[in-house]
Amino acid sequence: MEELDLLKKAWKKDSHSLEQVTEVEIYKMLHKKSSSIVKWIFYISLIELSFGFILNIIMSFTKYDSESIELLKKWNLYYFHIAITVIVYIVVIYFIYRFYTMYRSISVVDTTKNLLESILKTRKVVKQYVIFNLVSLALVFAVVFSLGLYYGYMDIMLKKGITTPEISTKTILISIAIIVLFTSIVTFIFWLFYRLLYGILLRRLYSNYKELKKIDL
């Protein structure tokens with residue numbers, strides 16, 4: 001009722017007053033929508049982390065996990081795997097904390113300028129989060145896949161009775177091409193996933209940004 005009364009009073013005044021009231025209402029609406037979007041970004045990142053953590057716990061009780069650990073030890077990648085896992089979790093938790101603080105911050109901003117700055121900052125941090133995840137995924141996949149090809153090739157040679165096989169330049173180039181191809185495919189699939197997951201929210205957030213640029217409180 002209060003909002004309706006404000007509009008009625010504005011109608012009794014000049015058109016400039018009505019415009020100002022309308023801008024205030026638009027700002028409140030965009031502020032609420034933007035805050036909700038950032039909240040969902042925080043929730044989704046938290047669900048993503050929880051899902052990965054729970055999946056790791058479940059896998060740790062399976063035969064596949066013990067076989068993977070033995071394989072990583074054979075390839076001298078076990079401690080690399082532990083280090084990368086710890087680093088990724090620390091960085092992801094840091095980003096989730098950033099999302100939470102940005103949600104708290106955007107919920108209490110009181111000017112269009114501050115809201116615009118918060119939106120741009122949120123978009124920037126989300127993009128950094130996605131880039132980090134994709135780069136770390138590509139790095140780990142490329143390393144593991146490379147060693148998998150190498151040790152797989154060595155095992156085949158040993159079965160043929162060749163203890164010190166020489167790897168030709170052609171084999172190396174083919175291997176690199178395969179690694180790049182499969183790493184690109186996996187990274188692209190995850191990029192599509194993140195584009196769907198966060199891209200929709202970021203586009204809505206940017207739409208709010210463009211609308212806010214049109215008003216001047």
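Helices are DSSP runs (H or I, at least four residues), numbered from the N terminus. The structure is a predicted model, in which local features need pLDDT of at least 70 and side-chain atom pairs count only at pLDDT 80 or more, whereas totals for chains, interfaces and linings use all residues. Residues are numbered from 1 along each chain as its sequence is written, and side-chain values use heavy atoms, with hydrogens and water left out.

The largest pocket holds about 1700 Å³ of space, where a pocket is an open set of points on a 1 Å grid over the protein atoms alone, with a 1.4 Å probe fitting at the points and protein on both sides within 12 Å along at least five of seven lines; the volume is the space filled by probe spheres set on the points, which are joined across faces, edges and corners. Of the 37 residues that line this pocket, Gly52, Asn56, His81, Thr85 and Tyr89 are the closest to its centre, a lining residue being one with an atom within 4 Å of a point. At least two lining residues come from each of α2 (15–59), α3 (63–74), α4 (78–108), α5 (112–159) and α6 (169–197), and α2 provides the largest share, ten residues. The lining comprises 28 nonpolar, seven polar and two charged residues, with Ala, Val, Leu, Ile, Met, Phe, Trp, Tyr, Cys and Pro counted as nonpolar, Asp, Glu, Lys and Arg as charged, and the others, Gly among them, as polar.

The second largest pocket contains about 270 Å³ of space and has 13 lining residues, with Lys127, Trp191, Arg195, Gly199 and Leu202 nearest its centre. Helices α5, α6 and α7 (199–213) each contribute at least two residues to this lining, the largest share, six residues, belonging to α5. By class, eight of the lining residues are nonpolar, one is polar and four are charged.

The axes of α4 and α5, taken as lines fitted to C-alpha atoms over the stretch in contact, come within 10 Å and cross at roughly 170 degrees, on a scale of 0 to 180 degrees between N-to-C directions. The two helices, α4 and α5, are therefore roughly antiparallel, a term applied to angles over 145 degrees. Their contact involves 17 nonpolar, six polar and two charged residues.

Within helix α5 lies Phe141, which counts as partly exposed at 24% relative accessibility, between the limits of 20% for buried and 50% for exposed (1.4 Å probe, protein chains only). Residues up to four places away in sequence aside, Phe141 touches Phe182, Thr183 and Val186, contact meaning heavy atoms within 4.5 Å. The C-alpha atoms of Phe141 and Val186 are separated by 8.4 Å, although these residues stand 45 residues apart along the chain.

Definitions and conventions. Parallel < 35°, antiparallel > 145°, perpendicular 65-115°, else oblique.
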